[in-house]
Amino acid sequence: MSPTLRQQVLRKIPSVDEILSKSEMLDLLRIHPRAVVVQAVRKGLERLRREILNQEDLSSIEAALFSFENLLPRFQKEIDLQTQPKLRRVINATGIVIHTNLGRAPLHPLALKQMVEVSKAYSNLEYDLDKGERGDRYSHVEEILCRLSGAESALVVNNNAGAVLLCLNTLAEGREVVISRGELVEIGGAFRVPDVMKRSGAFLKEVGTTNRTHLKDYERAIGPETALLLKVHTSNFRVMGFTSEVSLGELVQLGSQHHIPVMEDLGSGCLIDLTQYGLEREPTVQEAIKTGVDVITISGDKLLGGPQAGIILGKKSLLDSIKTNPLTRALRIDKLTLAALESTLLLYVDEKRAMEEIPTLRMLGLDRKKLKNRGRRLLKRLQDRVDKEIQMTLRDDVSQVGGGALPLQELPTIVLSIRSLSHSMNSLEENLRRGTPPIIARISRDELILDMRTVFDDEIPLLAEGIEKALSQIKGK
Ligand SMILES: *Cc1c(COP(=O)(O)O)cnc(C)c1O
């Protein structure tokens with residue numbers, strides 16, 4: 001392509017001033033500040049210039065592209081980009097229930113209601129209503145956490161990584177922490193247990209091997225510098241085959257013989273025995289506490305189904321010293337989170353209700369029949385879109401739990417599969433992702449897959465609209 005031709009095409013792009021002189025722009029200027037509109041026009045024209053520079057075949061560019069009517073929607077879109085939040089709700093059609101990249105656990109309506117209630121006005125966040133004096137922000141959830149878990153004492157901080165940091169810093173700064181090599185895990189988002197430990201000021205004493213660690217390995221590592229025995233729940237993978245790990249119970253026994261506290265980073269934090277509901281075994285918080293472990297830490301927004309939080313449970317004497325660590329202030333939980341967490345925990349008082357209503361747990365429990373009905377409702381709305389070029393079918397598949405919980409659990413699910421011989425499913429995936437709201441699907445070979453498990457019933461109309469729009473975009477090409 002000759003550069004002169006490209007220059008000629010580029011010259012057809014109107015100037016910012018030309019655009020701003022159009023009477024239609026006055027409407028936009030009435031609604032938005034001038035600086036926003038000017039910036040939007042600049043960006044819109046800049047984007048058009050880049051598109052032309054990237055285009056191989058300039059002969060397909062029509063003069064209409066440069067008409068004001070065709071350019072106007074671009075400016076509107078740029079204004080939206082500047083004035084609307086970048087953090088947005090999306091429709092999760094991946095089937096991954098606890099999707100770390102998509103905000104993990106969606107919250108229960110009562111948790112949302114309570115966040116609004118507590119934050120739109122003043123609250124007793126740090127005020128004791130009985131005594132009429134300064135109170136403690138952590139007190140609100142301590143009792144319910146102890147009641148549900150069986151622990152003597154509880155503390156909630158910003159997130160679980162923060163909880164681990166805080167515990168290690170309090171209990172083992174400048175001293176040694178014994179941990180199995182099989183548990184030096186990376187959780188994702190570059191959270192590596194050894195890195196956090198280093199920052200806590202504790203020294204790592206690794207024992208055993210990747211696949212096998214025995215009680216005697218821990219025992220041999222214990223010396224005058226040992227401050228803590230640490231177990232990390234390898235939540236996002238399993239070592240299979242020739243393996244051996246020391247149970248929490250055995251470790252607690254060893255710790256008490258040597259007067260050394262034992263801590264477990266449980267990760268997901270499950271309060272319900274999921275095997276009753278036909279799911280794989282995930283160690284529960286109550287089981288861990290029953291072993292007599294000194295401290296455990298869990299996430300608020302994994303299986304628990306609440307907001308992002310790090311929950312520390314355990315013996316009162318240790319929790320008391322953790323509470324007075326200045327780092328606690330640095331990692332403290334805010335009132336919105338606290339409100340959502342307390343409401344979520346209250347649902348656990350009735351276990352059956354928790355399973356039925358807490359979104360993460362409810363999604364795990366969805367059976368094939370319910371999922372199929374959801375799929376049918378979606379397909380029905382899309383019926384007139386099914387043609388020779390686009391095939392849509394409901395079929396069986398498997399969804400994942402995600403969020404580093406139940407890594408081996410296979411959840412039989414129903415997916416809407418979209419295929420086409422004449423259109424690219426990668427473009428469809430991209431159009432869905434760029435829609436409003438964005439729809440996150442996955443591609444497997446030449447098939448676009450929308451998993452019904454993580455789509456909410458009330459999202460079906462939006463999902464159908466989004467699919468229709470994305471399909472019309474690829475067909476229009
Ligand atoms: C997820 C996880 C963490 C990190 O928890 P966040 O709440 O994401 O900070 C730490 N340890 C384990 C074992 C985990 O599974």
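Residues are numbered from 1 along each chain as its sequence is written, and side-chain values use heavy atoms, with hydrogens and water left out. Because the model is predicted, local features need pLDDT of at least 70 and side-chain atom pairs count only at pLDDT 80 or more, while totals for chains, interfaces and linings use all residues.

The chain is divided into domain 1 (3-82), domain 2 (91-99 + 364-476) and domain 3 (109-357), with bounds that come from an automatic or database domain assignment. Between the C-alpha centres of domain 1 and domain 2 there is a separation of 34 Å.

Seven strands form an open sheet with mixed pairing, in the order S4-S10-S9-S8-S7-S5-S6. Strands (E, at least two residues) and helices (H or I, at least four) are DSSP runs numbered from the N terminus, and two strands count as paired if DSSP finds at least two bridges between them. Strand S4 (153-157) and strand S6 (203-207) are the edge strands, each pairing on one side only. On average, neighbouring strands of this sheet are turned by 25 degrees against each other, direction ignored; axes here are lines fitted to C-alpha atoms, for helices over the stretch in contact, and angles run from 0 to 180 degrees between N-to-C directions.

Val-157 has Gly-310 in S10 as its bridge partner. Further along the sheet, S7 runs parallel to strand S5 (residues 176-180), to which it is joined by four bridges, and Val-178 stands opposite Leu-229 in S7. S7 is also joined to S8 by four bridges, again in parallel, with Lys-231 opposite Glu-264 in S8. S7 itself is mostly covered, as seven of its seven residues are buried. Buried means under 20% relative accessible area, exposed over 50% and partly exposed in between, for a 1.4 Å probe and protein chains only.

What does helix H13 (residues 316-323) lie across? H13 lies across S4, strand S9 (295-299) and S10, and runs at about 30 degrees to S4. Its residues Leu-318, Leu-319 and Ile-322 are buried. Seen down the axis of H13, these buried residues fall within an arc of 95 degrees, so they line one face of the helix; the arc is that of the directions from the helix axis to the C-beta atoms. They pack against S4, H8, S9, S10 and helix H14 (326-330), where contact means heavy atoms within 4.5 Å.

Helix H11 (residues 248-258) also has a buried side, made up of Leu-248, Leu-251, Val-252, Leu-254 and Gly-255. These residues cover an arc of only 165 degrees around the axis, which puts them on the same side of H11. In general, an α-helix has 3.6 residues a turn, so residues three or four places apart point the same way. The buried residues of H11 pack against helix H10 (215-221), strand S7 (226-232), strand S8 (262-267) and helix H12 (285-290). On the face turned away from that buried side, H11 carries the exposed residues Gln-253 and Gln-257. His-259 follows H11 and has a positive phi, near 55 degrees.

A nonpolar core is a set of buried Ala, Val, Leu, Ile, Met, Phe, Trp, Tyr and Cys residues joined through side-chain atoms within 4.5 Å. The largest one has 87 residues, of which Leu-274, Leu-303, Ile-312, Leu-313, Leu-345 and Tyr-348 touch the most other members. Helix H8 (residues 160-172) gives the largest share of this core, eight residues. Domain 2 and domain 3 both give residues to this core, so it lies between them. Met-425, Leu-428, Leu-448 and Met-452 are included in a second, separate core of 29 residues.

Some loops deserve a look too. Thr-436 and Pro-437 are joined by a cis peptide bond, with omega about -5 degrees; Pro-437 sits in the loop between helix H19 (425-433) and strand S13 (439-440). Arg-104, in the loop between strand S1 (91-92) and helix H6 (109-120), is a residue other than glycine with a positive phi, near 50 degrees. Phi is likewise positive at Arg-445, near 55 degrees. Arg-445 lies in the loop between strand S14 (442-444) and strand S15 (447-451), and is exposed, with a relative accessible area of 82%.
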